[in-house]
Structures are given as structure tokens and as C-alpha cells.
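Here's a quick tour of one fold, written for someone who would rather look at the model than at a list of numbers. Have the structure open while you read.

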Amino acid sequence: MPSQLNQLRQFTTVVADTGDFESIRVHKPTDATTNPSLILKAVQQDTYKPLLIETIKEFPNHSVEEKLDHLLIKFGQKILDVVPGRVSTEVDARLSFDTQGTIERAKHLIQLYEQAGIDRSRVLIKIAATWEGIQAARQLEQEGIKCNMTLIFSLVQAVACADAKVQLISPFVGRIYDWYKKQAGNQWVEADNAGSNDPGVKSVSKIYHYYKKFGIKTEIMGASFRNTSQILALAGCDLLTISPDLLQALSQQDTPITRVLDEQDSQQKAIDPLVLDEKTFRFLLNQEAMATEKLAEGIRAFVADAEKLDTLITSTLG
């Protein structure tokens, strides 16, 4: 029997969620995603610290911001040497509420990739799915820069991204699960909230059914997994981005799996279209405590790690 990882590939494009390109080499995903937290984790390892030192030496007179962008590109290049598909590189989360700033930074990242000989078709620019971020992505897409909208916790965000005709969205699973588990406290029963009943799985499934019902072309990539059961409960999703430890776990199991999400099933469901403008988006998102809190928390966490990367760049080599 093939491994669960290989079985999953029959239904879903497997993506590696890491900056560790050596682990990517082992599991042979199609694409890979990074974020400030993953890059920070990688450059503190002996294997990857030379990339940080190399970047600082190569651009001694550049600003910290520019050095950070060059570091992201170096990781992206190394990853693209390993994967046949695309890499996602994130715009600084400190620009999450700055539409024009996001556009300019995204264009700069693409320019650096192209200067390094990487075609823009192999790069997705990751942007937090705030209203401002989504509007930046709308313009970038019109200019031929493909975007991956991250930190998606609600159908409202997903529909706004679809309206902007973005290439791909990354709805989170594990962080939603974390929120509901914390809210329930001692009342939480793991068995009752596993598999298709997992609140994070439910959220991604809802987005999947909406997109397929209305023929939306934006790709859906489930992200942020805590265990393999969450992954297998989304078999059939367009893409799933998975950490190295969970890729390893799936590669070591051979229990048969089945497709769970299916486009034809989605088209049979009774779903009303959601019509959004800015005020409706902000209101409906605000009505969802989980989505509002996790989006804000996610941005704060990415900002904190971006600031740590700045400090690391400044302190390395004195």
C-alpha cells in the first residue's frame, strides 16, 4: 500500500510549509511556502546561518529592510532549486494595513527574483488578508503578480479575495482549532472535534464548497495543521501546505485514505452568494470573534518575528 502522503497526492497538490529546503528535498512537494517565522527559525540553524552571513556581506551598505528582502529571495531561490512549482514569499507584515506600501514591496520582491533569473510565474507574493492587503493584491494581480493571501480565518475574507481575483488563498486550520479549544477549556472533548468535526476543517470546507459552487478560480490551500487527521479530512482540497514533521508522519503511514472534498458535491449544495463592499467586509469580519482575534494575533506574531530578523541582521557580523 502506498503511504498516506502518496495517496494524498492523488487528490491534492502537496506543498511544504517550511524554510528548511533540505527537508523539502526529502518529501518532494510540488510547491513550498515560507513566512517570517519560518525564515527566522531557519537562519538560527547552523545549516542556514551561512545564507544570512552571505546576504549581509553581499549588501553591506543596504538598509536592514533591503537586506531582509535579499535574504527572502535567497531562500526562495534555494527552495525553487528543489521544488518543480512555486514558492510563496511574504511581504513584511508591518505593511498589513498599507495598500500602497504592500504593492511597492511586492513589486520590489518580484524585481529581485527576476534579477536573479527567476520567472515571476514561479513566485506567489504572500499578503495578510486584511481589507488593505486584499486591495493591494487586486492591483498586483492586474499587473501580472500572483498573490497568496494568508491568515484567512473566515468565509468573508475568502470571498473578498475571490472578488479581487487573487491566485491563491491560505485558510488556516490549526489556529482555528486552537481558538475553539481554548474557548471551550475543560468542556473540550477531542473526539467530538476531530476529523470533519474539527472547527478548522469545517472552516476550510465551507470556503471550498462556496468557491466550487460559484466556479471561483482562486486556488484554495489549507494551511496551519496540528495533526494528520486535519490534513486527511481535507483530502481533495486544491492544495495543502504541510510542515516537515507532518509530511514525515504521513509518509510513515499506509492506512487507506479517501477523497473528502469533491467539486461535484459542492455544486449540489444550497449556498447563497455573499456580496461585499468595504463596510460590509469590515462589519461581517468584526462579527466573527475568532476570525478577528486570530487575524490580529497572526499579524502581531509575524511582525514580532520580522523585528527579530531585523535584529539578527543588524547584530550578525557586528
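Let's start with a pair of helices: helix 6 and helix 7 are oblique to each other, and that follows from their angle of about 45°. Bear in mind that this is a predicted model. The axes of the two helices sit 8 Å apart, and helix 6 passes helix 7 in a right-handed crossing.

Which residues in helix 6 and helix 7 meet? Helix 6 brings Thr99, Thr102, Ile103, Ala106 and Lys107, while helix 7 brings Glu132, Gln135, Ala136, Gln139 and Leu140. Sorted by class, that contact of helix 6 with helix 7 has four nonpolar, four polar and two charged residues.

**The strands**

Now for the barrel. Eight strands close into it in the order 1-2-3-4-5-6-7-8, with parallel pairing. On average, neighbouring strands of this sheet are turned by 30° against each other, direction ignored.

Two of the pairings are set out here:

| Strands | Sense | Bridges | A bridge pair |
|---|---|---|---|
| Strand 3 (residues 87-90) and strand 4 (residues 123-128) | parallel | four | Glu90 with Lys126 |
| Strand 7 (residues 219-222) and strand 8 (residues 239-242) | parallel | two | Met221 with Leu239 |

Is strand 4 buried or exposed? Strand 4 is mostly covered, with six of its six residues buried. Both of its faces are covered: on one side you'll find Val123, Ile125 and Ile127, and on the other Leu124, Lys126 and Ala128, all of them buried.

**Helix 3**

Last stop: helix 3, which covers residues 36-43. How many of the eight residues of helix 3 are buried? Six are, and the helix is mostly covered. The buried ones are Pro36, Leu38, Ile39, Leu40, Ala42 and Val43.

What do these buried residues pack against? Their partners include three strands of the model, namely strand 1 (13-17), strand 2 (31-33) and strand 3. On the helical side, the buried residues of helix 3 pack against helix 4 (49-58), helix 5 (64-80) and helix 15 (289-315).

Conventions: Residues are numbered from 1 along each chain as its sequence is written. This is a predicted model: local features need pLDDT of at least 70, side-chain atom pairs count only at pLDDT 80 or more; totals for chains, interfaces and linings use all residues. Side-chain values use heavy atoms; hydrogens and water are left out. Axes are lines fitted to C-alpha atoms, for helices over the stretch in contact, and angles run from 0 to 180 degrees between N-to-C directions. Angles under 35 degrees count as roughly parallel, over 145 as roughly antiparallel, 65 to 115 as roughly perpendicular and the rest as oblique. A crossing is left-handed if the near helix is turned anticlockwise from the far one by less than a right angle, and right-handed if clockwise. Contact means heavy atoms within 4.5 Å. Ala, Val, Leu, Ile, Met, Phe, Trp, Tyr, Cys and Pro count as nonpolar, Asp, Glu, Lys and Arg as charged, and the others, Gly among them, as polar. Buried means under 20% relative accessible area, exposed over 50%, partly exposed in between (1.4 Å probe, protein chains only). Two strands pair if DSSP finds at least two bridges between them.
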